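Subject: Structure handover

Hello,

Here is the structure I promised to pass on. Please open it first, then read my notes below.

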Amino acid sequence: MNDNGKIFSPVHVTSPFWEKYMEIVKEKMLPFQWDILNDKATVKIESERDDVNIPTEKSHVIANFLIAAGKKEGNHYGWLFQDSDLYKWIEAAANTYRVKPDEHLLTLMETCVELIEEAQDADGYLSTFYQIEKPQLKFRRLMESHELYCAGHLIEAAVAYAEATGDLRLIAVSDRFIACIKKAFGPNEGQINGADGHQEIELALVRLYEFTGNKNYLDLSYYFLNVRGQDPDFYHKQLLENEKNGIHEGHMPHIDLVYLQAHKPVIEQLEPRGHAVRMVYMAQAMAGTAYYLNDSALLNAAKKIWESIVSKRMYITGGIGSTVRGEAFTYDYDLPTDTMYCETCAAIGLLNFTSVLQKSDKNNAYADIMERVLYNSMISGMSLDGEHFFYVNPLEVDPEASLKNPDKSHVKATRPSWFGCACCPPNLARTIPAIQRYIYDESEDTKRIWINQWIDSTGAFENAILQQQHDFRNKKESTFTITNTNDLETEIFIRIPYWLDNVSVWVNGEEKVLEITDGYFKLILFSNSIEVRLTYNMPVLKWQANPNVKSAYGKIAFQKGPFIYAAEESDNESALHLYHVKGEPVAIDIEDEVLGPISVIDVPAQKLEQTEPSSLYYLYQKPGYLEKNLRLIPYYCWANRDTGEMRVWLNDGGE
């Protein structure tokens with residue numbers, strides 16, 4: 001193992017907010033999802049949208065592995081990529097075990113590893129659908145097969161499991177599969193010179209390189225990135241060859257190359273197009289591979305993709321994906337609030353893509369976006385009980401429209417227990433207990449440390465131990481204690497969040513001028529220790545969108561701290577579209593029976609006085625308004641109480 005390339009810094013999170021979420025993962029999500037994978041949970045499995053082709057009878061994931069291992073008879077059930085649900089569960093369990101060891105959890109993980117070992121073919125191949133149903137089509141339908149996608153999740157699970165337990169058996173399984181892949185893929189005669197339709201193995205190989213230091217993994221990642229889009233006809237040619245060899249089935253499908261990000265080489269893809277999750281997974285791999293190979297062209301392409309996303313194609317919550325058609329990006333400023341997609345997996349993908357970019361460019365813009373995703377579009381994907389989930393994270397909901405308008409069937413008003421396509425819940429479960437990876441950064445020479453996220457925690461680094469504690473609720477005060485462990489000079493950079501004002505700083509009790517560069521306050525740690533104390537205000541921020549964002553024109557969104565806020569019918573009257581906010585918002589700390597200790601925002605508003613005209617359309621008459629108060633809650637909290645309307649963007653009634 002490469003001690004200098006650990007994916008996780010030795011960081012211990014003490015934040016009550018995130019400890020609560022990690023406890024939910026351990027006590028609720030992992031047992032619940034384990035029962036789902038074993039078809040023991042008595043829950044309704046829903047499709048994420050109206051589509052009769054989505055399997056919703058059961059998960060069958062464990063059963064698929066048992067059948068592939070020869071320990072059970074039957075047919076494969078579920079999506080081609082169903083194996084990844086188990087791999088993500090293992091990664092979630094390993095990340096949780098790393099935070100808080102648990103023997104029962106360890107036993108379950110060991111059971112999974114043994115089952116995967118038994119299911120793997122002698123040549124290293126591992127994909128239960130093709131092993132059980134279509135062995136003749138292994139690696140022969142790459143536009144849809146997800147074989148390398150699942151391999152990527154296997155690799156990520158293997159790294160997490162090895163880090164948490166020291167057990168390298170799943171690494172060995174991954175290595176056997178990688179050897180099988182390297183034999184099958186490449187530019188040589190008899191090899192497949194192409195890539196999987198769904199990117200994932202590329203970023204996973206970078207993580208395996210970080211864990212092992214073995215550059216062969218990095219080179220393979222670079223190959224799959226570089227070959228993508230070089231021959232736009234690759235997938236079609238595969239199908240024609242299958243037809244020639246008598247193994248093609250059904251009609252020749254239409255292949256949307258933009259959806260697959262295979263319409264041109266990745267180095268030329270400078271704006272996000274196609275399937276949102278695939279796009280950010282690919283871009284993460286581009287950024288990671290470029291960083292370690294010192295490939296400036298590849299890195300610049302990744303940066304241009306990121307800049308295009310965050311400046312023109314990202315929702316204020318950090319969500320991405322503007323349309324249900326292809327779960328995709330569309331065009332600049334096209335950000336509809338009632339038909340958007342904003343898949344939970346896409347938010348997590350943007351989080352990780354941004355985190356990797358930050359390795360090569362220490363700028364608060366990256367930390368700001370990571371924070372926006374973490375506290376809004378990511379955790380909104382799960383209920384506070386850890387047993388209900390959103391696939392889509394909308395910014396505007398009308399329950400009747402969700403129920404009766406087929407174009408809005410994906411926009412759920414309540415979180416289902418599980419999905420036929422269950423990628424999002426286990427993705428959340430693996431990310432939350434790994435929250436520590438987003439808090440700090442350390443330079444390769446260990447002489448600089450960046451504090452990127454204001455999350456109560458302790459980080460033990462080569463030259464220093466950092467501890468941060470925050471009181472956002474009462475004192476509006478934060479303390480950073482930095483202890484020198486090697487008597488070496490170390491530069492410490494503390495990010496100052498944009499959502500604070502009137503910030504004052506004291507270093508070892510002496511007030512200092514707060515000089516900020518690229519969003520960070522810089523300190524030099526010479527010897528002994530430093531205590532940095534900051535006091536501040538946390539105002540309610542009012543946002544407006546670029547005028548080109550038609551869905552948000554003339555509207556306002558509110559934020560306090562890192563949280564975007566939303567109006568929910570549970571706290572207000574119905575017909576939220578009739579409200580016009582008018583006046584100054586006030587934040588109030590409350591203890592809600594369901595939502596817990598939160599800050600709510602009360603804002604004066606006028607509500608259009610409703611009359612029921614006899615006609616659908618009628619001649620203009622000056623509207624009347626009623627004086628109202630509109631209560632807002634943190635966006636992540638919505639849909640945990642009653643079913644009702646919700647809106648993030650609210651009509652601006654002027655001052």
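Two strands count as paired if DSSP finds at least two bridges between them. Strand E8 (residues 448-451) and strand E12 (residues 490-495) are joined by four bridges and run parallel. Within this pair, Ile449 has Ile492 of E12 as its bridge partner.

Please note that this is a predicted model. The chain has a mean pLDDT of 94, with 97% of its residues at 70 or more. Residues 1-8 have pLDDT below 50. That stretch still makes 21 contacts in the model beyond near neighbours in sequence.

Back to the sheet. It is open, has five strands in the order E7-E8-E12-E16-E15, and its pairing is mixed. Strand E7 (440-442) and strand E15 (516-517) each have a single partner strand, so one side of each has no neighbour in the sheet. Helix H14 (residues 364-378) lies across E12 and strand E16 (520-525). H14 runs at about 50 degrees to E12.

Next, a helix pair. The axes of helix H8 (residues 201-212) and helix H11 (residues 276-293) come within 8 Å. They cross at roughly 35 degrees, and the crossing is left-handed. Residues in the contact include Leu203 and Val206 from H8, and Ala285 and Gly288 from H11. By class, this contact has six nonpolar, three polar and two charged residues.

Arg140 sits in the loop between helix H5 (128-132) and helix H6 (147-165). Is Arg140 buried or exposed? Its relative accessibility is 15%, so Arg140 counts as buried. Leaving aside neighbours within four places in sequence, Arg140 contacts Ile192, Gln238, Glu241, Asn242 and Ile247.

Best wishes

Technical notes
Residues are numbered from 1 along each chain as its sequence is written. This is a predicted model: local features need pLDDT of at least 70, side-chain atom pairs count only at pLDDT 80 or more; totals for chains, interfaces and linings use all residues. Side-chain values use heavy atoms; hydrogens and water are left out. Axes are lines fitted to C-alpha atoms, for helices over the stretch in contact, and angles run from 0 to 180 degrees between N-to-C directions. Helices (H or I, at least four residues) and strands (E, at least two) are DSSP runs, numbered from the N terminus. A crossing is left-handed if the near helix is turned anticlockwise from the far one by less than a right angle, and right-handed if clockwise. Contact means heavy atoms within 4.5 Å. Ala, Val, Leu, Ile, Met, Phe, Trp, Tyr, Cys and Pro count as nonpolar, Asp, Glu, Lys and Arg as charged, and the others, Gly among them, as polar. pLDDT is the predictor's confidence in each residue, from 0 to 100. Buried means under 20% relative accessible area, exposed over 50%, partly exposed in between (1.4 Å probe, protein chains only).
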